[in-house]
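Work through the exercises below with the sequence and the coordinates open. Each task is followed by a solution in steps.

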Amino acid sequence: MLSHIRMKMLLIVIPVLCVVLMLSYIASVKTAKRLVDHETSERISSEKEIQKNIIEKNMNDAAEISRVLAVFAGYGCKDNSPDYFINILKPVVQDNQFILGVGIWYEPYAYDKSQKYMGPYVYRDGDRIIPTFDYSNADYDYFSQDYYALAKKTNNIVWTDMYYDQTSNLYMITCSQPVYDDNGKFIGCVTVDVGLSSMQKFISDYIASHDGTTYIINREGTYLAAESDAAVKVKSSVFDSNNQSYLVAVSEVISSDNGKTSYIKNKQEITLFYKTLNDLGWKIVFEIPESSINKPIGQLSNTFIWIFGLSLLFMSLTVFILTGRIIDHPVKAILREIKEIGVRNFDQEVSRKLVKRTDEFGLIGKSLDEMKQQLKQSNEKLEHSLKENVESQKQLILQNQILTERETQMYHSLKYANSLMEAIPDTVFVISQDGVFLDCIGDLDHLFFKRERFIGKNITDVMPQSIAAKGREMIDQVFLTGENQKIEYEWTSARITEYHELRIVKWFDDKAIAIARNITETHNYIKKIEEISYHDHITGLHNRRYFDQASKELNQSENYPISVIFADLNGLKMVNDSFGHEYGDYMLKRFAEILADSGKKGELISRVGGDEFAIILKRTERGETDRYIRELKEKCATETINGIELSVSFGYHIIEESGMPIQKAVKLAEDEMYQNKLYEASSRRSKTIDIILNTLHEKNPREEQHSQRVAEICEAMAKQMGMPDSDINKIKAAGLLHDIGKIGIQEEVLNKPGILTEDEYQEVKKHSEIGYRILNTSPNMSEIAEIVLCHHERWDGKGYPKGRSKTDIPLFARIITIADAYDAMTSDRSYRKALPAAYAKNELIRGSGEQFDPELVDFFVNHMKGLN
């Protein structure tokens, strides 16, 4: 009976406890799952914002640098050598760690009419900065590359998708900026390759520290960054999968900005959390298996099983002890007393005992009723206590689980954040909504104060007023709109001026993250490039671009009368062709120095073309302008380059009242300059040619003797052929000048005693074209220039430089070819003695119809008897 009572008590309490524990378990699982989803989503948002800010910063800097370089490339292609572009590009890569390469790519023949490909490129290889022209060829054919084709098609700055570069083993993205010439015509593009090392590190760190995987795709679904390098290298797509469930999920990812979805893989549910990363439509996707998400829930279940078992054991023991004390002990005492009564006195004693026990049982009954009531109350209190205890344990377990998860996530987040801080040149501040500095991490080398001076203080108490006001306004905008804010500011401290960029991002409801970067190098470099784009690199004067802008600003009534002077260096091309560009550059620099030191300081002096200069003088009358030009000519007359006088032609126009555009005045001044140039040209060019010829003969006396002998042979042959005196004089002059182009050949090659190498021979072959360019600068020498150009052409068309044949070669050139060859064979050379005349004539006969005009060879052999 007593055991039966105890069992009933247990059967009443245990089911109640089970129901309470099950309800608590279900609520805990739902709460845990909700917390896991929330924490995962928050983590993705945080990572996304960090990546977005880093990428946007580097992309903005790259876009600004490409813009400046595009201006320079557009205006500088006419005057600059390929090597000069390399010198401009190298500092860009060297001074900006996030830039992996930069190049300038010109349209076919835009840079040089004889050069289809022109693409100087500078790239980073570890610690080395490497310049190259290797990509300027048909094999690479940069015209077909995406960066080039898109810039040309859109006429606007474009960005390629992020891609994996196998050479550097890095993720990168390329900014392509179109380049235009003075007339707005597309002539190429500038590219800046931006390294995304932080993105690559983020992918590897996440995979190493979390279950599942992550990847970045573009708006078409192509992998830009992933755990599998192969998928990135071959540009695989998420749509390449055969899993229909996955295809449905990624379609939702592509069509939506942010959110989560799921798919089934190997009978397991995989959850996709995704966020849009930037304006290019990139999406960062986190794939987490349901088993990973449910892992903390499983741990929670195991904990509840233990709690459930312990609670049942505790309640059973409690019921067992209470029923023993309240019921079992009193009843056993009564039975023992009855047993002790003897049989003799059974009736009497029983009667007496019964009466007594009846009263006692009455009291016992009453006591039992009271005990039942007390037991009921005790059970209720016990049940309530158990519920509170279970609830407390449930909350403790849940909190412990959450804390453990957060601690793990915080550890990985801090590990990633610390790695990120080491990888980027930024200082990160944590600022409250009220503008108080709470923390500071990252690059602390550029801080103007020690941490102790600003942590815990308001931005208005630390920063200069102008910067603090902007910062305060940005913080308010961040919390008001939720959008990121950015400013650039100048900071001067201890006589040092630095430039910084500040980005502020909302972080939780009451804090913001401020990312500061020292952009002094980038800022100064952009300023330097802008200055280069306004200056001529040879003379240091302003260039045509600056002149066009500044001259319009000077054209104001308070500056009248304005003298617009146009100057042209005479013979610059002839000097370049004869003595080399270093002499031509020296001529330009010397004239620029004369202009800078002139008595009347020019308000604006610019080199506006290859050999052209423009000068604008404010409030200058005609007489003063004439005096200014006369003084310049006198100074130039005292300067010589290799014996050639520094000669300059001038023209000018006076703007005396408003209404005349500055460009029209420049055109009138230019027209007057060309008119003056015609009057001065003839005698000066003839004198210059004499100087060049004398210089050549000084370099190689044999050339003078050879040219005189060729001229004499040509003169004699022309007389034998019965030519008029004008033609005889012309061919004699052509014979004297036929090798004038050798002035442009290196002296050691020209005087080499042995046989020339192939490269040396190719250089010597250029002398006919150089001679043509020198002579063609003078109008009255144009016919002789054509003869000089063709004197190494062959009758069979295998000569140089144009490969002309037969009668397409001028007659006088065919005569000089024979005279030149005959004298070369019958004269001492640096590598052999003179050959007999008979041998030389036989060689001419052997070359008849191939190298030489056969009729002229026949005439030469039969009629030129007096030659030795």
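**Exercise 1. A sheet and its helix**

In what order do the five strands of the open sheet stand, and is the pairing parallel or antiparallel?

Solution. The model is a predicted one. Strands of a sheet pair through backbone hydrogen bonds, either parallel or antiparallel. Here the order reads β9-β8-β12-β11-β10, and the pairing is antiparallel. Next, take the edges: β9 (223–225) and β10 each have a single partner strand, so one side of each is left without a neighbour in the sheet. From one strand to the next, the twist averages 35°.

Then look at one pair in detail. Strand β8 (residues 213–217) runs antiparallel to strand β12 (residues 283–289), and five bridges join them.

**Exercise 2. Aromatic pairs**

Classify the ring pair Phe143 and Tyr148, then the pair Tyr534 and Tyr546.

Solution. A pair of aromatic rings is described by the distance of the centres and the angle of the planes. The cut-offs needed are centres within 6.5 Å and, for edge-to-face, planes over 60 degrees apart. The structure holds 26 aromatic pairs by this rule. For Phe143 and Tyr148 the centres are 5.5 Å apart and the planes stand at 70°, so this pair is edge-to-face. Both Phe143 and Tyr148 are buried. They also belong to a cluster linked by ring pairs, whose members include Trp105, Tyr117, Tyr180 and Phe186.

The rings of Tyr534 and Tyr546 are 5.7 Å apart centre to centre, with 80° between the planes, which is again edge-to-face. Tyr534 lies in helix α12 (residues 520–534) and Tyr546 in helix α13 (residues 544–554), so the pair ties together parts that are twelve residues apart in sequence. Tyr534 is partly exposed at 23% relative accessibility, and Tyr546 is partly exposed at 27%. Over the face of Tyr534 lies Arg545, at 4.6 Å from the ring centre.

**Exercise 3. Backbone exceptions**

Solution. Most residues other than glycine have a negative phi, and most peptide bonds are trans. Pro561 sits in the loop between α13 and β18 (562–569). Pro801 belongs to the loop between α23 (782–790) and α24 (811–826).

**Exercise 4. Cysteines**

How many disulfides does a search of the whole structure find?

Solution. A disulfide is a covalent bond between the sulfur atoms of two cysteines. The search finds zero. Check Cys175: its closest cysteine sulfur, in Cys189, is 9.7 Å away, too far for a bond. Cys175 is buried, with a relative accessible area of 0%. Cys636 is buried as well, at 1%.

Conventions
Residues numbered from 1 in each chain as written. Predicted model: local features only at pLDDT ≥ 70, side-chain atom pairs only at ≥ 80, totals over all residues. Heavy atoms only, no water. Phe/Tyr/Trp six-rings, centres within 6.5 Å; stacked < 30°, edge-to-face > 60°. Buried < 20%, exposed > 50% of the residue type's maximum accessible area, 1.4 Å probe, protein only. Helix = DSSP H or I, 4+ residues; strand = E, 2+ residues; numbered from the N terminus. Lys NZ or Arg CZ within 6 Å of the ring centre and 35° of its normal. Disulfide = S-S within 2.5 Å. Pairing = 2+ DSSP bridges. Axes fitted to C-alpha atoms, helices over the stretch in contact; angles between N-to-C directions.
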